[in-house]
Amino acid sequence: MSYFKYLPNVYIRDRSQVNGNHPFQLTKNIFRRIKIRDDLQGALLGFVQYEIGEGERPDQIANVIYGDPGLDWVVLLCNNIINVYEDWPMSREQLYSYVMDKYGSVDKVSHYETYEIRTTDGLKVLNEGLVVNEPFQFIRPDGTIVPKADARKPITYYELEANKNEQKRNIFLLREGYVNDFVKEFKKLAAYLPHGEIDVDGNKKTPTTLAEEFIGITNYRKPSQSTASTGSASGGGSSTALISSGGSGGGTSTGATIVEDTSTTISTTPTTSTTYSNTSSTSSTSSSSSSSSSSSSSSSSSSSSSSSSSSSGSSSSSSGSSGSSGSSGSSGSSGGGYYGGGY
């Protein structure tokens with residue numbers, strides 16, 4: 001099949017590193033795909049109908065019609081056949097083996113279908129091929145009952161798959177006079193559009209990004225997010241604050257430290273925009289609240305939180321809020337890490 005020679009090339013990165021770099025390998029871009037427009041398939045002007053013979057292959061048809069077995073991909077493309085093992089008709093031997101492997105027997109009944117039944121005057125009263133169950137019986141207009149054996153017939157799995165296989169034999173072939181133009185158009189559509197990643201030879205190469213340099217490294221861990229619980233404004237309950245598993249701000253900490261405040265924290269109701277504490281240097285909103293003073297380390301944040309609990313409690317009671325939102329401290333100076341309102 002000469003199909004792949006018309007596809008453009010692309011550089012792909014090898015997972016193994018050489019001197020800290022990912023080497024590139026040039027290969028065919030098999031993800032480029034061209035298909036016939038649905039409104040053109042079966043058009044009488046450019047296509048002819050063809051019935052596939054028993055055991056006939058696409059390359060044999062291309063050799064007979066176009067004089068080139070390498071144009072078998074044109075036969076497949078014109079009929080939107082992607083998997084030749086499933087979309088191309090099987091031979092009798094292949095069909096028999098397929099049914100045995102799938103169903104275990106060629107004589108096992110799949111379903112029942114009706115016979116065509118007519119009256120004595122020739123009027124059709126029951127169509128042929130209707131799927132029915134096993135105990136199906138038909139009653140004629142005059143009240144007589146048609147026996148089951150005369151009203152429906154069993155369809156085996158082999159007959160079912162054979163009917164599907166026969167339907168695949170009818171295909172459309174592109175007329176010989178259009179083949180050359182068809183190949184040129186295919187090559188034009190498969191080529192890349194002008195882009196900064198296309199070199200002078202028409203090959204595509206995407207540079208390695210910074211994040212991809214860490215892929216495959218044993219000690220590399222992708223940043224994750226988790227939630228922490230703190231005390232509520234009434235001294236109980238819990239609230240969540242978004243934190244990062246990585247360090248934040250300055251200091252030598254290698255991970256976020258969750259500081260749980262058991263004292264009363266500043267909280268606001270959904271209708272209150274901002275509530276300020278008398279002693280705290282930060283403010284609280286409907287999405288997050290502060291329980292720490294202006295200290296920058298996680299250890300001092302815990303102590304300063306307890307020292308400001310009385311003023312925080314008075315502020316919470318004066319505002320009349322009953323919310324349970326709280327915020328946990330994180331290691332490092334302010335501005336680092338993740339907070340309840342996003343990042």
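Helix H4 is followed by Gly 104, whose phi is positive, near 85 degrees. Helices here are DSSP runs of H or I with at least four residues, strands are runs of E with at least two, and both are numbered from the N terminus. What you see is a predicted model, where local features need pLDDT of at least 70, side-chain atom pairs count only at pLDDT 80 or more, and totals for chains, interfaces and linings use all residues. Residues are numbered from 1 along each chain as its sequence is written, and side-chain values use heavy atoms, without hydrogens and water.

Back to H4. Leu 95, Val 99 and Tyr 103 are buried there, meaning under 20% relative accessible area, with exposed over 50% and partly exposed in between, for a 1.4 Å probe and protein chains only. They cover an arc of only 35 degrees around the axis, so they lie on the same side of H4; the arc is taken from the directions from the helix axis to the C-beta atoms. The face turned away from that buried side carries exposed Glu 93 and Asp 101. What do the buried residues of H4 pack against? Helix H6, residues 157–167.

Next, the cores. A nonpolar core is a set of buried Ala, Val, Leu, Ile, Met, Phe, Trp, Tyr and Cys residues joined through side-chain atoms within 4.5 Å. The largest has 26 residues, and Tyr 66 and Trp 73 have the most contacts inside it. Helix H2 gives the largest share of this core, six residues. A second, separate core of eight residues includes Tyr 112, Leu 126, Phe 136 and Ala 151.

Last, Lys 35 sits in the loop between strands E2 (24–28) and E3 (47–51).

Technical notes: Contact = heavy atoms within 4.5 Å.
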